Structure formats: C-alpha cells, structure tokens
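Here is a short report on the structure shown below. It moves from strands to helices and then to charged pairs.

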Amino acid sequence: MITVKFYEDVEDRLLKFAVILTESEGRWVFCKHRERNTFEMPGGHREEGETITDAAKRELYEETGAVRYDIWPVCVYSVSQTEEDDKDRNGGESFGMLYYARVSTFEKELHSEIEKIVITDVFPEHWTYPEIQPHLMEEAKKRGFWINHV
C-alpha cells in the first residue's frame, strides 16, 4: 500500500523529487513517456548539486518543452510503501517538492524520454502513478493552486 503525506517543510537534503502540476492557457498539461501507455505530471529526480527548484525547472523543460513560465512551490510531499510493496526502501518515506507552473510558451520539439505532451481540460484516465499523482493534485487544489487561481 502506498501512503502520500504532506508537509510544510523538511530538511532540504531529504528532497529527492520535484513534481510540477502544470497548466497552460487554462488547461492541464500531462506527459506521456515513450515506454509507457499512461500519463503523468512533469517531474523527476533531483540531480547532485542541484537545488530542488532548479530540478523542477529542468524537469519542466525536459518533459514539456516549457521555455516561458511562472512556477510556485506548493508543499513538500512524501511517499511511503509497505515492505511487501517496496523491497528496496523497506517502507521508508521518500520526500519531494510539489510545484505549480503556468506555461505561456513551449518549444516545438521535445528532447527527452517524453513522447508527447497533452494539453487538456480533463484528467488522464490512465495515470502512470495512480496512487500518488491524483493526491498531489487534490492537495494543490486545497492550497489554492488551481487553474486561474494563482
């Protein structure tokens, strides 16, 4: 079982991921990875020596081609799994930072593992991380980070 929790802050060194709830012109932006048939919010791992905000900006660019945008931190989140679901972490908590971005300009081509982006009024039917990403969206909405509200 996966558990998602939300925090105002944690030690910076614990932040390993950045996920960006993204919109453009009042519609949601989702990514489709080349090797999957599901959709996800832009995001990924923080690289060594990178701030978590720089990681969010890099991932947003790499996965959507966003070149002009505004980005805001929403909150810290964590994901933990029971031992039987995650043998590598033994149920440990993994922390990330959730961001909200409003994109005004995208590059014409993507340069990463992402096959395409979809800009839509509806949420994906098939999520890559169905036990995590809908919770992140719900928390962003609770905190006032939603289309046309930032």
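## A covered strand

Strand E2 (residues 15-24) is mostly covered, with eight of its 10 residues buried. Buried means under 20% relative accessible area, exposed means over 50%, and partly exposed lies in between (1.4 Å probe, protein chains only). Helices (H or I, at least four residues) and strands (E, at least two) are DSSP runs, numbered from the N terminus.

This is a predicted model: local features need pLDDT of at least 70, side-chain atom pairs count only at pLDDT 80 or more, and totals for chains, interfaces and linings use all residues. Residues are numbered from 1 along each chain as its sequence is written, and side-chain values use heavy atoms, with hydrogens and water left out.

## Partners of E2

Two strands pair if DSSP finds at least two bridges between them. E2 runs parallel to strand E6 (residues 94-106), with eight bridges. Within that pairing, Leu21 has Tyr100 as its bridge partner.

E2 also pairs with strand E4 (residues 43-45), here antiparallel and over three bridges. Val19 stands opposite Gly43 of E4. Strand E3 (residues 27-33) is another antiparallel partner of E2, joined by three bridges. Here Thr22 faces Val29. The hairpin of E2 and E3 has two residues between the strands, and Glu25 takes a positive phi near 50 degrees there.

Asp9 sits in the loop between strand E1 (2-7) and E2. Is Asp9 buried or exposed? Asp9 is exposed, at 61% relative accessible area. Asp9 and Val19 are 10 residues apart along the chain, and their C-alpha atoms are separated by 15 Å.

## Helix H1

Helix H1 (residues 52-64) has 13 residues and should span 18 Å at 1.5 Å a residue; its end C-alpha atoms are 18 Å apart, which agrees. The expected span is 1.5 Å times one less than the number of residues.

The buried residues of H1 are Ile52, Ala55, Ala56, Arg58, Glu59, Leu60, Glu63 and Thr64. They pack against E2, E3, E4, E5, E6 and strand E7 (114-120). Contact means heavy atoms within 4.5 Å. Gly65 follows H1 and has a positive phi, near 80 degrees.

## Helix H2

In helix H2 (residues 133-142), the buried residues are Gln133, Leu136, Met137, Glu139 and Ala140. Seen down the axis of H2, they fall within an arc of 165 degrees, so they line one face of the helix. The arc is that of the directions from the helix axis to the C-beta atoms. The buried residues of H2 pack against E1, E2, E3, strand E5 (66-81) and E6. After H2 comes Gly144, with a positive phi near 90 degrees.

Gln133 lies in H2. It counts as buried because its relative accessibility is 4%. A polar atom of the Gln133 side chain lies 3.2 Å from the backbone nitrogen of Met41. Leaving out residues up to four places away in sequence, Gln133 touches Val19, Phe39, Glu40, Met41 and Trp127.

## Salt bridges

A salt bridge is a side-chain nitrogen of Lys or Arg within 4 Å of a carboxyl oxygen of Asp or Glu. By this rule there are 13 salt bridges. One of them joins Arg143 to Glu8, with the closest N and O atoms 3.0 Å apart. The pair links distant parts of the chain: Arg143 is in the segment after H2, Glu8 is in the loop between E1 and E2, and they are 135 residues apart. Arg143 is partly exposed, at 27% relative accessible area, whereas Glu8 is exposed, at 63%.

Glu115 and Lys32 also meet through their side chains in a salt bridge (3.1 Å, N to O). Glu115 lies in strand E7 and Lys32 in strand E3, so the pair ties together parts that are 83 residues apart in sequence. Glu115 is partly exposed, with a relative accessible area of 40%. Lys32 is buried, at 9%.

## A charged network

The side chains of Glu50 and Arg58 form a salt bridge (2.7 Å, N to O). Both residues, Glu50 and Arg58, are buried. Salt bridges that share partners join Glu47, Glu50, Arg58, Glu59 and Glu62 into one network.

Methods:
Polar contact = N/O pair within 3.5 Å; in protein donor to acceptor, adjacent residues only side chain to side chain.
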